[in-house]
4 protein chains.
Amino acid sequence: MKKIGVLTSGGDAPGMNAAIRAIVRSGISSGLEVYGIFDGYEGLVNNNIRRLERGDVSDIITQGGTTLGSARLEEFKLLEVRKKAVANLEKHGIEGLIVIGGDGSYRGAMALSEMGINCIGIPGTIDNDIASTDYTIGFDTALNTVILNVDKLRDTSSSHHRCSVVEVMGNRCGDLAIYAGITTGAEIIITKETGYDEAEVLERLRYFEEYKKKRHAIVIISEKITDTELLAQKISQHTDFSGRSTVLGHIQRGGSPTARDRILATEFGDKAVQCLIAGESSRCLGLVDGQIISIDIKEALAMPKKSRRPFFELHDRLV
Amino acid sequence: MKKIGVLTSGGDAPGMNAAIRAIVRSGISSGLEVYGIFDGYEGLVNNNIRRLERGDVSDIITQGGTTLGSARLEEFKLLEVRKKAVANLEKHGIEGLIVIGGDGSYRGAMALSEMGINCIGIPGTIDNDIASTDYTIGFDTALNTVILNVDKLRDTSSSHHRCSVVEVMGNRCGDLAIYAGITTGAEIIITKETGYDEAEVLERLRYFEEYKKKRHAIVIISEKITDTELLAQKISQHTDFSGRSTVLGHIQRGGSPTARDRILATEFGDKAVQCLIAGESSRCLGLVDGQIISIDIKEALAMPKKSRRPFFELHDRLV
Amino acid sequence: MKKIGVLTSGGDAPGMNAAIRAIVRSGISSGLEVYGIFDGYEGLVNNNIRRLERGDVSDIITQGGTTLGSARLEEFKLLEVRKKAVANLEKHGIEGLIVIGGDGSYRGAMALSEMGINCIGIPGTIDNDIASTDYTIGFDTALNTVILNVDKLRDTSSSHHRCSVVEVMGNRCGDLAIYAGITTGAEIIITKETGYDEAEVLERLRYFEEYKKKRHAIVIISEKITDTELLAQKISQHTDFSGRSTVLGHIQRGGSPTARDRILATEFGDKAVQCLIAGESSRCLGLVDGQIISIDIKEALAMPKKSRRPFFELHDRLV
Amino acid sequence: MKKIGVLTSGGDAPGMNAAIRAIVRSGISSGLEVYGIFDGYEGLVNNNIRRLERGDVSDIITQGGTTLGSARLEEFKLLEVRKKAVANLEKHGIEGLIVIGGDGSYRGAMALSEMGINCIGIPGTIDNDIASTDYTIGFDTALNTVILNVDKLRDTSSSHHRCSVVEVMGNRCGDLAIYAGITTGAEIIITKETGYDEAEVLERLRYFEEYKKKRHAIVIISEKITDTELLAQKISQHTDFSGRSTVLGHIQRGGSPTARDRILATEFGDKAVQCLIAGESSRCLGLVDGQIISIDIKEALAMPKKSRRPFFELHDRLV
């Protein structure tokens with residue numbers, strides 16, 4: 001293998017740039033040429049491909065987002081579209097490809113592997129929603145962003161005897177909510193796993209108020225579970241707290257990556273290069289039991305996400 | 001004058017604690033006893049009043065929110081309610097009162113002044129919506145919070161060829177939007193003063209895209225002008241940008257105060273004490289032409305807010 | 001076991017409060033009374049002990065430092081001093097003790113265990129210098145503080161063609177330096193493990209300048225290896241970079257804890273309570289292969305610290 | 001006037017990029033061509049000059065440092081050196097020059113003005129050490145950096161009954177120290193203006209300890225007044241506090257600029273362009289009584305810096 005490529009796909013996540021930097025430099029240190037593919041699979045199909053040198057990735061380790069750009073391309077499911085991608089890679093002589101993204105991006109990588117391009121997936125999504133790894137690039141930064149903002153809400157909540165309802169990202173996976181709930185000392189955490197029962201939420205808030213003498217309260221809830229504005233109104237009506245809703249939204253995707261996101265992204269990037277050199281294909285990387293390992297993508301996609309029950313029980317003891 | 005009181009009223013703002021600290025310590029240094037009144041005018045009516053010593057305000061200069069709590073009390077407009085407040089103050093021998101808040105809080109202070117309590121108002125609101133001062137406590141912190149978050153959105157916007165629509169606080173006053181727009185390099189700023197024309201917004205975005213080759217764009221808009229979610233959808237439909245809406249909400253109220261909010265709040269607090277000692281009443285403080293001055297509250301409430309036209313013209317030159 | 005105590009010892013670390021909160025609340029949830037011992041072993045000897053309720057630890061999860069205070073007490077090595085400590089614990093009926101700190105604190109806990117008090121150690125030090133665990137409370141926050149500040153130095157270094165020499169904490173253990181070096185993209189990392197050769201440092205800087213065309217450079221170095229001010233002067237004299245030294249110092253100990261420090265401190269605190277309930281003694285907790293486990297303190301103290309050679313090799317590939 | 005240039009000179013300061021952006025875009029909006037001169041006066045002499053377009057300054061408003069680079073050039077005092085500079089400007093047809101920097105940079109601008117190049121100075125230095133303006137670009141960011149770090153030191157100081165001695169920048173001017181002292185609630189502030197008496201410092205610390213029952217203390221001191229490490233040792237020896245010294249150093253120069261630095265730098269940049277268009281020369285800008293004005297450079301350099309006595313008196317009332 002002489003030439004490899006890298007692309008970022010799906011939603012961007014802080015730390016993707018650290019992975020790109022590691023891939024470029026580790027690749028060059030191992031004697032490879034490294035090519036950046038811009039705007040995800042779209043750029044692969046449109047031949048938006050450029051060779052990257054060491055200097056091209058200087059200082060990007062500190063930047064959020066992805067300097068390669070990202071996009072979603074539904075049509076990549078189609079064989080004829082993927083054939084274009086393979087043709088473009090062959091034109092450049094690129095034999096190995098590293099894809100940074102989530103499950104959807106892995107599916108693309110798996111399909112390309114079957115067409116003769118050696119592909120390695122790196123888990124990059126702020127949602128931590130990939131079953132085959134304990135950690136995805138961007139999750140730690142997103143979580144710290146949530147914490148910073150909930151700490152700000154705490155200031156104003158406690159000044160006004162308020163209950164802040166905070167919606168965080170995580171459509172398929174409640175990790176951001178459960179981790180944020182524990183680390184901010186939230187009173188209530190609602191995710192897909194807990195289920196949602198409005199009456200129960202209101203009752204628990206009244207309980208905290210009467211029996212635990214709380215002057216303010218925080219409810220963390222995953223996106224797409226309920227209308228948080230309505231929940232806040234109900235809280236104002238049915239408890240002595242004044243309810244206020246905040247949807248953190250896309251600010252959770254941005255920001256300079258944290259130490260943990262930088263270091264693990266760097267390790268993933270370096271490891272992916274070593275995997276390609278070793279001739280691996282159709283595999284994705286994961287952090288499992290503290291070690292960085294590679295797993296067959298097909299197996300990875302079939303794994304069920306771990307239950308967070310132990311965390312919910314921990315939260316119950318601490319609230 | 002031997003005893004003075006302090007309360008915070010209306011929406012809380014970072015820096016209120018710095019003002020409280022300055023009032024307590026400057027008051028004690030001048031030989032006064034200082035009383036904290038909790039939860040705004042409500043605490044005044046309910047006699048929720050406690051003497052504060054130097055040590056009671058240690059380290060609060062770093063904290064957001066207000067350690068005295070705040071609340072809105074519509075009934076304070078009623079004479080009989082205010083009579084209770086005056087009776088409580090007299091019970092404690094408190095002859096002077098410092099009220100930190102916005103225009104509504106000033107009206108309460110003016111009414112109390114007419115009933116024999118010497119009152120001084122300090123401008124404390126993140127909206128910068130008080131006409132009689134160039135600056136209100138909390139505005140600088142809120143503005144920096146907006147900037148930090150828009151900088152995060154920029155990361156993710158530029159990764160995805162997006163247009164971020166960001167709603168900031170400021171119902172009656174567009175200062176947060178216009179200052180945030182200039183300091184984040186936003187493409188479009190929409191406030192009450194500019195008015196809102198959806199077709200024009202879409203046309204300008206298309207112009208930025210085609211003629212200025214912008215890969216991403218930011219629109220800053222004051223609250224209660226339009227539904228930002230709908231505007232984002234329209235942007236996705238009618239331009240090549242993918243529109244995304246973010247409502248920053250209550251996080252703008254929180255956070256450790258910035259240098260500027262700490263220093264000006266401290267100066268306001270100290271000055272308010274000197275005003276009471278000098279026998280002033282029914283006056284509010286302001287920063288005007290770089291100086292801290294006091295103005296008659298009635299006059300202050302009648303002033304029109306300055307136009308920000310020069311800033312909009314500046315923005316046009318820079319975009 | 002009905003009553004347990006908790007103390008923090010040695011240098012403070014962000015996240016200690018999160019552990020204290022977890023111990024208090026998890027203990028109470030398990031039917032125990034929990035006592036706070038103030039100022040470390042000194043408070044144990046001086047009977048500075050107070051029962052803690054749920055509300056006493058409200059909101060401390062967000063605070064750096066330790067609300068219990070910390071101190072070093074050399075005399076705790078003496079049997080007669082420890083007898084006083086045991087007598088005080090017995091007076092309160094405290095049968096189990098959780099000690100948050102480093103190796104020195106573990107030794108005290110081991111000695112107390114031998115005198116009949118069940119003791120559990122929790123690793124709390126920003127240096128990550130405890131061999132029996134992959135992670136110590138406070139390390140992640142300290143590392144992020146270093147990164148934030150080196151990112152600031154990068155701004156000014158690149159404006160002036162400078163080489164910034166940055167001294168970070170870690171007397172016995174170079175983890176802060178090596179992790180900071182990788183995550184900030186530093187050109188050179190110097191720790192006890194690498195050794196220090198001034199001529200080699202200067203030569204490598206000249207190499208980076210000439211062959212890699214670097215406009216600025218960063219050197220991260222552990223404390224107590226060399227005088228960084230002198231090194232900076234040598235850099236100015238013997239390379240084309242203008243050398244500047246920065247000693248980050250005690251700011252590395254402070255700040256609101258990161259997500260990772262909050263969550264792991266919380267898990268450690270909860271686990272320590274479970275260990276005491278299970279009758280364990282003279283054991284310390286660790287994060288090993290991603291799991292929280294308990295180890296005999298004597299064994300733990302005898303373990304050698306893992307080599308960071310793989311990280312240095314990674315750094316070489318990336319620079 | 002058709003073509004203007006801009007350079008940054010002396011120590012870099014956050015916000016310089018915001019000024020550069022404003023100059024480039026405001027200049028182009030007014031029909032001018034704008035040229036960037038790299039590495040200060042050195043680049044002027046070496047003809048390191050390049051035309052800048054709107055897109056060249058995209059997003060730099062968020063970045064610390066200066067994208068134009070900066071350098072000190074002692075030889076610029078020599079007429080023959082300045083003749084080279086003038087020749088280079090004439091070669092490009094540049095008739096007006098905006099210099100962002102401190103007093104030294106102003107002297108260069110004054111000298112060039114006498115040689116027929118219209119020059120306008122913008123105050124850019126984190127020290128706030130320019131007498132002709134109440135504010136210099138970078139001061140607000142540096143001050144907020146100091147506050148953030150002192151707040152971190154407070155965490156660890158209060159955990160250990162410590163006195164933190166913090167050295168901040170400001171060789172000729174104590175503004176960073178006095179503003180930081182007030183906004184962090186420091187016990188003692190030492191600047192050139194206060195003078196330094198070690199015995200008095202120790203006595204005041206003992207007083208705070210005994211009479212005000214302070215558990216920790218903070219001393220803020222300007223650079224080059226005394227050896228802070230030695231002072232910390234004396235504090236450990238002669239008071240009950242454990243003294244610790246921190247030299248904040250160059251981190252005060254870095255970081256993304258605050259709102260205030262961004263907005264004022266933008267206004268200064270825009271105003272400087274208007275001044276050149278109006279035919280002004282040998283003038284520097286200032287913020288005086290809340291207004292942006294221009295002053296003759298010669299007069300500006302002769303002004304004495306305002307005394308900060310009122311701030312020291314304010315500090316005495318609050319401590």
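Guide: We will go through the cavities, then the aromatic pairs, then charges over rings. Keep in mind that this is a predicted model.

Visitor: How many cavities of 30 Å³ or more are there?

Guide: A cavity is a space where a 1.4 Å probe fits but cannot get out. Here the count is 2 cavities of 30 Å³ or more. The largest cavity has a volume of about 40 Å³.

Visitor: Which residues line the largest cavity?

Guide: From chain A, the lining takes A:G181, A:I182, A:G185, A:A186, A:H315, A:L318 and A:V319. C:R21 also lines this cavity. Helix 6 (175-184) and helix 11 (309-318) of chain A are the elements that give two or more residues to the lining. By class, the lining has 4 nonpolar, 3 polar and 1 charged residues.

Visitor: What lines the second largest cavity?

Guide: C:G181, C:I182, C:G185, C:A186, C:H315, C:L318 and C:V319 do, along with A:R21. Two or more lining residues come from each of helix 6 (175-184) and helix 11 (309-318) of chain C. The space in this cavity is about 30 Å³. Its lining divides into 4 nonpolar, 3 polar and 1 charged residues.

Visitor: Now the rings. What describes an aromatic pair?

Guide: Two things: the distance of the centres and the angle of the planes. Over all chains, a search of the whole structure finds 20 aromatic pairs. Take C:Y41 and C:F76, which are stacked at 4.2 Å centre to centre, with 25 degrees between the planes.

Visitor: Where do C:Y41 and C:F76 lie in the chain?

Guide: C:Y41 is in helix 2 (residues 40-45) of chain C. C:F76 is in the loop between strand 3 (49-52) and helix 3 (79-92) of that chain. The two are 35 residues apart. Both C:Y41 and C:F76 are buried.

Visitor: What about C:Y135 and C:F268?

Guide: They are a stacked pair, 6.2 Å centre to centre, with 15 degrees between the planes. C:Y135 lies in the loop between strand 5 (118-123) and helix 5 (139-160) of chain C, and C:F268 in helix 9 (residues 259-277) of chain C, so the pair ties together parts 133 residues apart in sequence. C:Y135 and C:F268 are both buried.

Visitor: Which residues form one aromatic cluster in chain A?

Guide: A:F139, A:Y179 and A:F311.

Visitor: Which charged residues sit over rings?

Guide: Two cases to look at. A:R260 lies over the face of A:Y135, at 5.2 Å from the ring centre. In chain D, the charged end of D:K214 sits over the ring of D:F208, 5.7 Å from its centre.

Conventions:
Residues are numbered from 1 along each chain as its sequence is written. Chains are lettered from A and ligands numbered from 1 in the order in which they are written. This is a predicted model: local features need pLDDT of at least 70, side-chain atom pairs count only at pLDDT 80 or more; totals for chains, interfaces and linings use all residues. Side-chain values use heavy atoms; hydrogens and water are left out. On a 1 Å grid over the protein atoms alone, a cavity is a set of points where a 1.4 Å probe fits but cannot get out, and a pocket is an open set with protein on both sides within 12 Å along at least five of seven lines; lining residues have an atom within 4 Å of a point. Grid points are joined across faces, edges and corners, and a volume is the space filled by probe spheres set on the points. Helices (H or I, at least four residues) and strands (E, at least two) are DSSP runs, numbered from the N terminus. Ala, Val, Leu, Ile, Met, Phe, Trp, Tyr, Cys and Pro count as nonpolar, Asp, Glu, Lys and Arg as charged, and the others, Gly among them, as polar. Rings of Phe, Tyr and Trp (its six-membered ring) pair if their centres lie within 6.5 Å; planes under 30 degrees apart count as stacked, over 60 as edge-to-face and the rest as tilted. Buried means under 20% relative accessible area, exposed over 50%, partly exposed in between (1.4 Å probe, protein chains only). A charge sits over a ring if NZ of Lys or CZ of Arg is within 6 Å of the ring centre and within 35 degrees of the ring normal.
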